[in-house]
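Please read the briefing below alongside the sequence and the 3D structure. The points are grouped by topic.

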Amino acid sequence: PLPLPRSFLLKSLEQVRKIQAGNSVLLEKLVSGMCCATYKLCHPEELVLLGHSLGIPQASLSRCSSQVQQLTKCLSQLHRGLFLYQGLLQALAGISPELAPTLDTLQLDVANFATTIWQQMENLGVAPTAQPTQGTMPTFTSAFQRRAGGVLATSHLQRFLETAHCALNHLVQP
Amino acid sequence: ESCGHIRLSVPIVHLGDPVMASCTISPNCSKLDQEPQILWRLEDGPNQPGDRQRRLPDGTQESIITLPHVNHTKTFVFCLVPWGNSFQVLDQAELQAGYPPASPSNLSCLMYLTTNRLVCQWEPGPETHLPTNFTLKSFRSRADCQYQEDSILDCVPEDRQNTCSIARKHLSLYQNMVIWVQAENTLGISESPKLCLDPMDVVKLEPPVLQALDVSHDLVPRQPGCLWLSWKPWEPGRFMQQECELRYQPQLRGANWTLESHLPSSEDQFKLCGLHRAPVYTLQIRCIRSLLPGLWSSWSPALQLRPT
């Protein structure tokens, strides 16, 4: 298996926890603080259909299941997913002035984590020759769509991070 | 129509170095004699003639003086001519002297999780006596900081501050960056030694909140000389895996601290026994990032407790 430095795994785990902490703050503010309290939009599970119609993408980490056999594919999926969520969070810009600081920091943290993964892939010589290019991001034509998109994107990101944490945790066990 | 004009060979000079000044009187300065003797005065010193005075082809009178050692950081230089039984000042120039900046030293940085800013401070070095600009410069790098990736915006400290803080959007967390201080004035430029750091390795951690636990003795048998404690990690740093150490001492003159190391960063029930030497004990806790580079937090505020 590919030699992954322990410091890389430990830092990556810490980055995941940092992003999870920021993302749950954003999700909390979005769902209960804003959507529910102000706009009576209190059940994210009711937004699945809207998510499809808005084209809110979800990143897969299928290669990072608990038995991480194809490590290169897992790292590459992890990077693509982070890159996707970086774009999604960018598309949410302007969602509300109160959320902007949390959203900006979260986006920077996701971008920095993507850089950590990419540089490790380069160190291992398994990085593609060119950085990925961002696919088309959903466009929100109303404040409601942006709020709903925000709830969906952050929920997807939280699940993505949980899978990433599991995989990395599995890798770091001596 | 101004009659006289001073020119300095250099307006700012190294303290102790010489400087040459010239004063010229234009021929069409009608109020003066044809060839007035040009005199010089430094600050409120005596009037003195220049080293030499000559008439230029165009009729201009020029006097030149060399000041061998400029020993004051600010000197006003006057050019005068006799006028009846007194003198007239034709021009004044300000001569500044000082030193080029020494290399700033003791550069250190801390990352604040609450403001998401990297704050660096340094020692500016000896007084230069001249307006000196300090700039915190940095660029992103890789593991061993051997080569430069993209530059980071220069951080210009507020006036006379020897500290500067870089905002989160300019930082790439978990990546190494090279950072140093540049000092510049008219006499030269100098740089501090370069630091190679990952902002997350210099996080300023805050200690947990240490609390006494009220244990009901019908559940837990009373044991003399014991204390029950709990602590929670500092919230902004919760994502960082940490280990902590607890220190305690009896409230006795000259008592030493006893240390309990390698404790978790969060503890709901911690029993500390063997506390028989005094009625009251002082306790503090601090933490550090574990498994990765980090800095100790400060000690928590002291807690005074009475063992059972």
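**Briefing on the predicted model**

A:T116 lies in helix 4 of chain A, residues 100–124; helices (H or I, at least four residues) and strands (E, at least two) are DSSP runs, numbered from the N terminus. This is a predicted model, in which local features need pLDDT of at least 70 and side-chain atom pairs count only at pLDDT 80 or more, while totals for chains, interfaces and linings use all residues. Residues are numbered from 1 along each chain as its sequence is written, chains are lettered from A and ligands numbered from 1 in the order in which they are written, and side-chain values use heavy atoms, with hydrogens and water left out.

**Surroundings of A:T116**

- A:T116 is buried, at a relative accessible area of 8% (buried means under 20%, exposed over 50%, partly exposed in between, with a 1.4 Å probe and protein chains only).
- Beyond its neighbours within four places in sequence, A:T116 is in contact with A:F8, A:S12 and A:Q15, and also with B:L173, B:Y174 and B:Q175 (contact means heavy atoms within 4.5 Å).

**Interface of chain A and chain B**

- Chain A brings 17 residues to the contact and chain B brings 19 residues.
- The two chains bury about 1700 Å² between them, with 48% of it on carbon and sulfur atoms; buried area is the accessible area (1.4 Å probe) that two parts lose on being put together, summed over both.
- Of the area that chain B buries against chain A, 37% comes from B:R142, B:Y174 and B:F239, more than from any other three residues.
- Five salt bridges are found across the interface of chain B and chain A (a side-chain nitrogen of Lys or Arg within 4 Å of a carboxyl oxygen of Asp or Glu).
- A:K11 forms a salt bridge with B:D198, where the closest N and O atoms are 2.9 Å apart.

**Sheet in chain B**

- Five strands of chain B form an open sheet in the order 2-9-8-4-5, with mixed pairing; two strands pair if DSSP finds at least two bridges between them.
- The edge strands, each pairing on one side only, are strand 2 (12–14) and strand 5 (48–49) of chain B.
- Strand 4 (residues 39–42) and strand 8 (residues 74–83) of chain B pair in the antiparallel sense over four bridges.
- B:W40 has B:C79 in strand 8 of chain B as its bridge partner.

**B:P82 in strand 8**

- B:P82 belongs to strand 8 of chain B and is partly exposed, with a relative accessible area of 35%.
- Not counting residues up to four places away in sequence, B:P82 touches B:Q37, B:L39 and B:F87.
- From C-alpha to C-alpha, B:P82 and B:Q304 are 82 Å apart in space, and they are 222 residues apart in sequence.
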